[in-house]
Amino acid sequence: MAAAAAGLSWRRVSSFTGPVPRSRHGHRAVAIRELVIIFGGGNEGIADELHVYNTVTNQWFLPAVRGDIPPGCAAHGFVCDGTRILVFGGMVEYGRYSNDLYELQASRWLWKKVKPQAPSSGSPPCPRLGHSFSLYGNKCYLFGGLANESEDSNNNVPRYLNDFYELELQHGSGVVGWSVPVTKGILPSPRESHTAIIYCRKDLGSPKMFIFGGMCGCRLNDLWELDIETMTWSRPETKGTVPLPRSLHTANVIGNKMYVFGGWVPQSAGGEISSHDGEWKCTGSFSYLNLDTTEWIGLISDCQEDKSNLSPGPRAGHCAVAVGTRLYIWSGRDGYRKAWNNQVCCKDLWYLDTEKPPAPSQVQLIRATTNSFQVKWDEVPTVEGYLLQLHADSSVTSAAGIPGTGVPETSVLSSQGGSALHQSPQSLPTVPYPVMKADHPSQTNNVVPNNVQASFSSNSLQKVEGREKVAAPENKNTQETMRNHADATGFKETNAPSLLPVCTSSPQTSANVGELHDLDKRTVNPDASVSSTVSSTQTMVTQQAVKTESSSTNGAVVKDETSLTTFNSKSEAAETAYIMPSARVSTGQTNDSHSSKTPQRQMAPVKARDRQWYDVGIFKNSSAVVSQFYLLPEETLNISNKMESADVPDYRLLKKQDLFPGTVYRFRVAAINGCGVGPFSKISEFKTCIPGFPGAPSTVKISKSVDCIHLSWEPPASPSGNILEYSAYLAIRSTQVQENPSQLVFMRIYCGLKTSCIVTAAQLANAHVDYTSRPAIVFRISAKNERGYGPATQVRWLQGRVSVWRS
């Protein structure tokens, strides 16, 4: 079957920038996070530059490499271990092959020639090209290739190899040496220009290496398996139609599938495949092998090759690399001009989404007003947009039932700063589409909002988190102190816990792609949060930035200097279940275990039709300002949930509904790629503010001194009058928290007009370290005007070592 029939849609990249490398073949590529790194290959000379393509920004760049820069090579081994890349062998000039080994520290673009020890028995690998070089754990596995038996590089006496070596790596940098493993079974026959991949099933955990195809005077399509634990070779039985014999193809593992694309295959004549010494051609055929069932599935056969520029054309010697679940293919040769015997190389870059994207993180609240939310969620790699949906705490009437509130969708572009999508998610792979833009200063994925600042010390990282829902005070001694908090959150009016909107957040930001710094170098004290360190798999130094995190506490207790007061929060457990698009939405109601003195919210039964999800829109970036949503046509209101296969309606035909003040809205988001709409995120709920109360303080900063910390903030963006005072609270240790870690106890540490305070070491010594996500000390800050206290900003100050403030 064709790729289109399988739900796969190739995309050609046409809008890239930067110095595009010249077309070539025999090059190799690896991926480090979102970066594709290409080295070597030849076309009118062997290339020696290192090119990098950023799949997020569609930008090519040439890093400034230094050190023991290797000569250009082709048909070499090229593997990636974290942020280091190893290059072995290949053709360095016509007829001359190499067995040199180089290491590139991509974090510093530093080349180093390494000299592994020779095997204890036997010789090290001879110079070769067209070999396979595969990484698993701390070892690389070298198999086969082509050697030149002639001592004169101008004479080529080919010798096909089937030797097998193991290269042990040192941690971080350097190598130990070569060894020749003792294997069982029959070795694969000699070959070059084959492919080798390593796959480990999650349930079994036994790594296997699969070798497919290659050239040994004739092209091959045999499949070999090596059990790395037992070092046993075998020929697995396969199902389905085996791809034609081929060489110079590519094979990449995504999930449990090995995707095989292109290469040289026999030229068929009248439906018959010619003999091995007959005619050969480049192919654009595309198949995958299910590595769990060893079944071949053909996606594009040789007789179905797409001639309409909807998929990569026939080619061999190209490179293919997986970035997440997306497969990229670049360049390669498409045959010879026989009259001149010149190779013709492609100049195109393609990608294919092989699976629907995973669910994004929960929607996080940046800011709430009386009639809007500013929200964000973590980016999902290699996606084309996000479908954001909401539903209200109570039912929303159809457009026909709300005279005057539904507005025909005629001015989305001017009112929202972007345009809505008018096709279904399933049509996205084949049709370029407009998307809605985030209507706030941070419209790009890698920009910190202007209102987000942080001051970091060597062993702390500040983190702003989604605010808690707050219920009425319980203790009489502090009822007067906290009454306005209840007023601000609407508790007195609704007798219900309210969601308090968070004030600031930011996506994680990255260094400029052309300025990769020491990625493998830890840039912070070990006491700092792990989120601010750089792992071996990262490709960029991530700037420490304030991030949001949804709260998971079920309740909180606030303590002033003399007494305790209970803040009850509705359990999130009912709303954080993993909701698949095709699943009916649960009503999500649970009985809260509150104190007998705490007023209970009586939840009215909610019918399925009242839990209908409404589209906010489809957004290019992972943030949005939400002030309206689309009402569904009246006849569709009985549908309990938007199914994964359902089409996104034509938004131009729908009316919009404004958000209401003091109303709880639930949000979920799904990512979209070339395969369609993925599963939805867990559900978050936020409440719009009530008019008249101040908003939450913003731009919270935490900086550390020798014996204290400085906590500062800025006034609410919407004070709704004069701010009379601020209150700051610190979560403290208590027996109540020990018995129920999800119920925090807070002590008020500041009350006054200033927008800053000092938290002493004595106060911090009593701080509770919250482990609901990562270890953190929790603060809350709220503002009061003539009407009362508004919502509080909750800040998680990440801790790397919990004994930092212990005396």
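Is histidine 76 buried or exposed? Histidine 76 is buried, with a relative accessible area of 1%; buried means under 20% relative accessible area, exposed over 50%, and partly exposed in between (1.4 Å probe, protein chains only). Before going further, note that this is a predicted model, in which local features need pLDDT of at least 70 and side-chain atom pairs count only at pLDDT 80 or more, while totals for chains, interfaces and linings use all residues. Residues are numbered from 1 along each chain as its sequence is written, and side-chain values use heavy atoms, with hydrogens and water left out.

**First stop: histidine 76**

Select histidine 76 in the loop between strand S6 (66-67) and strand S7 (77-81). Strands are DSSP runs (E, at least two residues), numbered from the N terminus. Display the residues around histidine 76: not counting residues up to four places away in sequence, histidine 76 touches Gly26, His27, Arg28, Phe39, Gly40, Gly41, Val87, Phe88, Gly89, Gly90 and His131. Contact here means heavy atoms within 4.5 Å. Next, show the backbone of phenylalanine 39, whose oxygen lies 3.2 Å from a polar atom of the side chain of histidine 76.

**Second stop: two loops**

Move to glycine 205, in the loop between strand S15 (195-200) and strand S16 (207-215). Glycine 205 is partly exposed, at 31% relative accessibility. Leaving aside neighbours within four places in sequence, glycine 205 is in contact with Cys200 and Glu229. A C-alpha to C-alpha line drawn from glycine 205 to glutamate 229 spans 9.9 Å, and the two are 24 residues apart in sequence.

Now select methionine 231, in the loop between strand S17 (219-227) and strand S18 (232-234). The phi of methionine 231 is near 55°, a positive value in a residue other than glycine. Methionine 231 counts as buried, at 9% relative accessibility.

Where is the largest nonpolar core, and which residues have the most contacts inside it? This core has 27 residues, and those with the most contacts inside it are Phe373, Val375, Leu388 and Phe667. A nonpolar core is a set of buried Ala, Val, Leu, Ile, Met, Phe, Trp, Tyr and Cys residues joined through side-chain atoms within 4.5 Å. To locate it, colour the elements that give two or more residues to it: strands S32 (364-368), S33 (373-376), S34 (385-392), S43 (614-619), S44 (623-626) and S47 (664-673).

Centre the view on phenylalanine 667. Beyond four places in sequence, phenylalanine 667 is in contact with residues including Val363, Phe373, Leu388, Trp613, Val626, Ile683 and Phe686. Apart from this core lies another, of 24 residues, among them Val700, Val745, Tyr750 and Val795.

Show strands S50, S51 and S54, which form an open antiparallel sheet in the order S50-S51-S54. Strand S50 (698-704) and strand S54 (756-760) stand at the edges, each with a single partner strand, so one side of each is left without a neighbour in the sheet. Neighbouring strands of the sheet are turned by 20° against each other on average, direction ignored. S50 and S51 pair in the antiparallel sense over five bridges; two strands pair if DSSP finds at least two bridges between them.

Follow the chain to serine 720, in the loop between strand S51 (708-714) and strand S52 (725-732). Serine 720 has a positive phi, near 55°, and is partly exposed, with a relative accessible area of 39%.

Select residues 776-784, strand S56: eight of its nine residues are buried, so the strand is largely enclosed by the rest of the structure. Six bridges join S52 to S56 in antiparallel fashion, and serine 727 stands opposite serine 782 in S56. S56 and strand S57 (residues 793-798) also pair in the antiparallel sense, over six bridges, with isoleucine 781 opposite threonine 793 in S57.

**Last stop: confidence**

Finally, colour by pLDDT, the predictor's confidence in each residue, from 0 to 100. The mean pLDDT of the protein is 73, and 65% of its residues reach 70 or more. Over residues 1-5 the pLDDT is below 50, and over residues 635-646 pLDDT stays under 50. Where pLDDT is low, the predicted coordinates should not be read in detail.

Notes: Helices (H or I, at least four residues) and strands (E, at least two) are DSSP runs, numbered from the N terminus. A polar contact is a pair of N or O atoms within 3.5 Å; within protein, one must be able to donate a hydrogen and the other to accept it, and residues adjacent in sequence count only if both atoms are side-chain atoms. Axes are lines fitted to C-alpha atoms, for helices over the stretch in contact, and angles run from 0 to 180 degrees between N-to-C directions.
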